[in-house]
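Here is a friendly briefing on side-chain contacts. Please have a look at the model before reading on.

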Amino acid sequence: MFSELNVQLNIDTSSLPKGSFFLINESDVDGSFLIHHFLSAYLKGGSTVCFLGLAQSYSHYSAVAHRLGLDLNAAKDSGQLHFIDGLNFSLELMHDGNEGTQQNPLLTTRIKDGNTKDLYCLVKEKLSSVTSHGGTLLLIDDLSLLASLGVKPQQIDQFVQYCLASLPSNTLVTLIHNDPRLDDEELSTLATHLRHRADTLLLVEGLSSGYCKDVHGQLTILHQTSGDTAGCRRQAKALHYKVLDKTVNLFPIGTSAAVL
């Protein structure tokens, strides 16, 4: 957990957000440090976490968590962490195709007009079995990988809608990769829809000046608030950041000598 990031997000670790939707939108740089931040913050805060890992193996997440002083194995054994191995389901699907095991919740994504119903039912089952006084976090890394399996953006958007509507008291944090340089119209449309739904949008981008060893990128935090004629507005805060082994350094744009 990165305490400096909590300050910038206005998160009180003694009373973590409930019923909120945080969207991490990475473009040309890796935004997964935010996934690890939320995982650590909610587990250390006493919340139950349902983690759908599509991007990496459990051992990867566990190794990173260990560097941050968190034991995922202990959290799993105690019932605080419920991990869904989406990467393994994906690899099985790519290997066996439509003949994959019926227990694979991603199998229905490969049929005609494929949907995410089985995946949603699995997530809902995990969340419904949880009783947590500290709240529950649904963490997904990352949604755009469903598109690479052939799931239509409309189905992914619907999956998110179901998760938000049927379990309104839970917090949702998900990452999506959307690089404008790739000119992927469907993925860009999905990202736009999700941005409008999110209570807090975290944009992770590379520096316009190119690679810099002392500054890894730019993080823009946008909070949705009510007020204007369109029904909402965004309050933006832009920062430069550098990811270290056990923390993240954040600083106002223009204050690092490396990019002046």
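Predicted model: local features only at pLDDT ≥ 70, side-chain atom pairs only at ≥ 80, totals over all residues.

Residues are numbered from 1 along each chain as its sequence is written, and side-chain values use heavy atoms, with hydrogens and water left out.

**Salt bridges**

- Searching the whole structure gives three salt bridges (a side-chain nitrogen of Lys or Arg within 4 Å of a carboxyl oxygen of Asp or Glu).
- Asp 245 and Arg 67 make one of them, with 3.0 Å between the closest N and O atoms. This pair links distant parts of the chain, 178 residues apart: Asp 245 is in the loop between β8 (233–243) and β9 (248–252), and Arg 67 is in helix α3 (residues 58–67). Helices (H or I, at least four residues) and strands (E, at least two) are DSSP runs, numbered from the N terminus.
- Asp 157 bridges to Arg 197, the closest N and O atoms being 3.1 Å apart. Asp 157 sits in helix α8 (residues 153–166) and Arg 197 in helix α9 (residues 185–197), so the pair ties together parts that are 40 residues apart in sequence.
- Lys 242 pairs with Asp 214, at 3.7 Å between the closest N and O atoms. Lys 242 belongs to strand β8 and Asp 214 to the loop between β6 (200–205) and β7 (217–225), so parts 28 residues apart in sequence are tied together.

**Exposure of the charged partners**

- Asp 157 is buried, with a relative accessible area of 8%, whereas Arg 197 is partly exposed at 32%. Buried means under 20% relative accessible area, exposed over 50%, and partly exposed in between (1.4 Å probe, protein chains only).
- Arg 67 is partly exposed at 39%.
- Lys 242, at 21%, is partly exposed, and Asp 214 is partly exposed at 33%.

**Aromatic rings**

- The whole structure holds seven aromatic pairs (rings of Phe, Tyr and Trp, its six-membered ring, with centres within 6.5 Å; planes under 30 degrees apart count as stacked, over 60 as edge-to-face and the rest as tilted).
- Phe 22 and Phe 38 form a tilted pair, 5.0 Å centre to centre with 50° between the planes. Phe 22 lies in strand β1 (residues 21–26) and Phe 38 in helix α2 (residues 32–44), 16 residues apart. Both Phe 22 and Phe 38 are buried.
- Phe 51, Tyr 58, Tyr 61 and Phe 83 are linked into a cluster by ring pairs.
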